[in-house]
Amino acid sequence: MLTTNGVTVRFGKRVLFEDVNIKFGKGNCYGIIGANGAGKSTFLKVLSGEIEPSKGEVSLERGERISVLKQDHFAFEEHTVIDTVMMGNKELYDIMKEKEAIYMKEDFSEEDGMKAAKLEEKFAELDGWNAESDAAMLLNDLGIIPESHYKLMSEIEAREKVKVLLAQALFGNPDVLLLDEPTNDLDLKSINWLQEFLINFENTVIVVSHDRYFLNKVCTHIADVDFGKIKVYPGNYDFWYESSQLALKQMKEQNKKKEEKIKELQDFIARFSANASKSKQATSRKKTLEKIELDEIKPSNRRYPYVDFKPDREPGKEVLEVKNISKTINGEKILNNVSFTVKNGDKIAFLADNENAKTVLFQIIAGEIEPDEGELIWGTTITNSYFPKDNNYLFDTDENLTEWLRKYSKDPDETYVRGFLGRMLFSGDEALKGARVISGGEKVRCVLSKMMLSGANFLIFDEPTNHLDMESITSVNDGMSKFKGNILFTSHDHQLTQTVANRIIDIKGDEIIDREVTYNEYLGIE
């Protein structure tokens, strides 16, 4: 059992959350949610002991072990992959290494023998004899081939390091598992495996994630970091969303009724307090009035940007024909003879074994690079706008955000442009930030603003939800769903892909699979 007692975290005058009292029960999975900056990752660090709370304490039952998903992918470069996984259980790994050191001694003494015997006993208690095979099984399940298990971490690719650190966190059946964005940079197969692992995990899981589908699949509870508090709701993300909206609505309605009652009492007191025959009633009403307290509704940290793509003209019957597109980059054949036709109303999600294939295809369709072979045939009514996966080049300028966005606006009036930025959560002086220094999430909101101002009827999105918080992802999801034109997109957000796409194109090397189905239907998920 992991428990927080009166935990408060403040930085200077800013209070992230205060007086947090939660008992995290065995067999439950808690999803930590909240706006960017609300304190989700900080709360995980408090639970792990990495950060001391300003007030209160965190307690873990004696003998229990917490395991944390490490964020530094380069912290274990000099260790083998298999050793890095086994380091997930520090006590076991230290015993294993101490044993090895004793047995390697040339002058092995009787004292060494006794010490080794004690270590062997503890090693067996910790199921040490199965440690290497357990670590190997986790690696295999996450798609790390056996040939890589004894390589150094410095010798494997970045996307494999992510999986090794995940295996490290899961290793050795920890009592409490703390995971901060565990699905980031994982492929679909690994995400599905992790979901099943956590659903069947018998101990306590506490996870921060922006993936709504993942939270719905694995969570038994949601811990919401907002209003300076952390409140736990039973159920998954969708259940939290419905119940929290209902609770807020009820509180506002209660306050409205109280405000009406207050006004009624104030009017009575004002009319009759000087009237002798009514003075007793007025005094009674005054006492009643003093007892009425409005529920304090603190402002939420959550802010939803306004995302609404409105095409200037309806697309005609002819939209886009992609004919025999091929492209080789740095000697690697990225696209080979890719062909498909986009029909009016299509919203197509693209999958690919090679992540780069989707990006290169979108760059060709957007006119950013030329294909080696093949052609694009556009309908005469079609105008397109493109969201690049790497958008940093768009912000290589000394302009502020108002100046930057004005270039893309048909109405150059500063009041109009700043109003538009305000709807995208750049209020007041935030609209005068330098374009070069804004965060990844802010850049995404700026590119979305540029696309909305374009009036295009054909939109191309390459991972539009990267760097966004849950609220912005929800707004983008809604904006793409409501859009009346055509969309080509790729996204690791399962829920967005499921709710937007009516067609899936999967680039599997030289083979193209093209099906008019939803994402879940394509994956065979009921």
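Colleague: Why does Phe-76 count as buried?
Modeller: In this predicted model, Phe-76 has a relative accessibility of 13%. Buried means under 20%, so Phe-76 at 13% counts as buried.

Colleague: Where is Phe-76 found, and which residues is Phe-76 in contact with?
Modeller: Phe-76 is in the loop between strand E5 (66-68) and H2. With neighbours within four places in sequence left aside, the contacts of Phe-76 are Lys-70, Thr-84, Met-87, Met-153, Leu-165 and Gln-168. As for Lys-161, 85 residues from Phe-76 along the chain, the two C-alpha atoms are separated by 9.4 Å.

Colleague: What makes Lys-358 count as buried?
Modeller: The relative accessibility of Lys-358 is 5%. The cut-off for buried is under 20%, so Lys-358 at 5% counts as buried. Lys-358 has its place in helix H11 (residues 355-365). Leaving aside neighbours within four places in sequence, Lys-358 is in contact with Phe-350, Leu-351, Ala-352, Glu-463 and Thr-490.

Colleague: Is Glu-290 buried or exposed, and how do you know?
Modeller: The relative accessible area of Glu-290 is 62%. Exposed means over 50%, so Glu-290 at 62% is exposed. This residue lies in helix H10 (residues 279-291). Between Glu-290 and Val-417 there are 127 residues in sequence and 47 Å in space, C-alpha to C-alpha.

Colleague: Which residues of H3 and H4 meet?
Modeller: From H3, those that meet H4 include Leu-92, Ile-95 and Lys-99. Among the H4 residues they meet are Lys-115, Leu-119 and Phe-123. By class, the contact of H3 with H4 has 8 nonpolar, no polar and 7 charged residues.

Colleague: Which residues of H3 are buried, and what covers them?
Modeller: The buried ones are Leu-92, Tyr-93, Ile-95, Met-96, Lys-99 and Ile-102. Their cover includes helix H2 (81-86), H4 and helix H5 (131-141).

Colleague: What makes H6 and H7 roughly parallel?
Modeller: The axes of helix H6 (residues 158-170) and helix H7 (residues 188-200) cross at roughly 5° and come within 13 Å. Angles under 35 degrees count as roughly parallel, and therefore H6 and H7 are roughly parallel to each other. Lys-163, Leu-166 and Leu-170 of H6 make the contact with Ser-190, Trp-193, Leu-194 and Phe-197 of H7. By class, this contact has 5 nonpolar, 1 polar and 1 charged residues.

Colleague: How do you know that the span of helix H15 agrees with what it should be?
Modeller: Helix H15 (residues 470-482) has 13 residues, which should span 18 Å at 1.5 Å a residue. The expected span is 1.5 Å times one less than the number of residues. The end C-alpha atoms of H15 are 18 Å apart, so the span agrees. For H3, with 14 residues, the reach from first to last C-alpha is 20 Å, close to the 20 Å expected.

Colleague: Why is H15 called largely enclosed by the rest of the structure?
Modeller: The reason is that 10 of the 13 residues of H15 are buried. Among them are Met-470, Ile-473, Val-476 and Met-480. Glu-471, Asn-477 and Gly-479 are buried too.

Definitions and conventions:
Residues are numbered from 1 along each chain as its sequence is written. This is a predicted model: local features need pLDDT of at least 70, side-chain atom pairs count only at pLDDT 80 or more; totals for chains, interfaces and linings use all residues. Side-chain values use heavy atoms; hydrogens and water are left out. Contact means heavy atoms within 4.5 Å. Helices (H or I, at least four residues) and strands (E, at least two) are DSSP runs, numbered from the N terminus. Ala, Val, Leu, Ile, Met, Phe, Trp, Tyr, Cys and Pro count as nonpolar, Asp, Glu, Lys and Arg as charged, and the others, Gly among them, as polar. Buried means under 20% relative accessible area, exposed over 50%, partly exposed in between (1.4 Å probe, protein chains only). Axes are lines fitted to C-alpha atoms, for helices over the stretch in contact, and angles run from 0 to 180 degrees between N-to-C directions. Angles under 35 degrees count as roughly parallel, over 145 as roughly antiparallel, 65 to 115 as roughly perpendicular and the rest as oblique.
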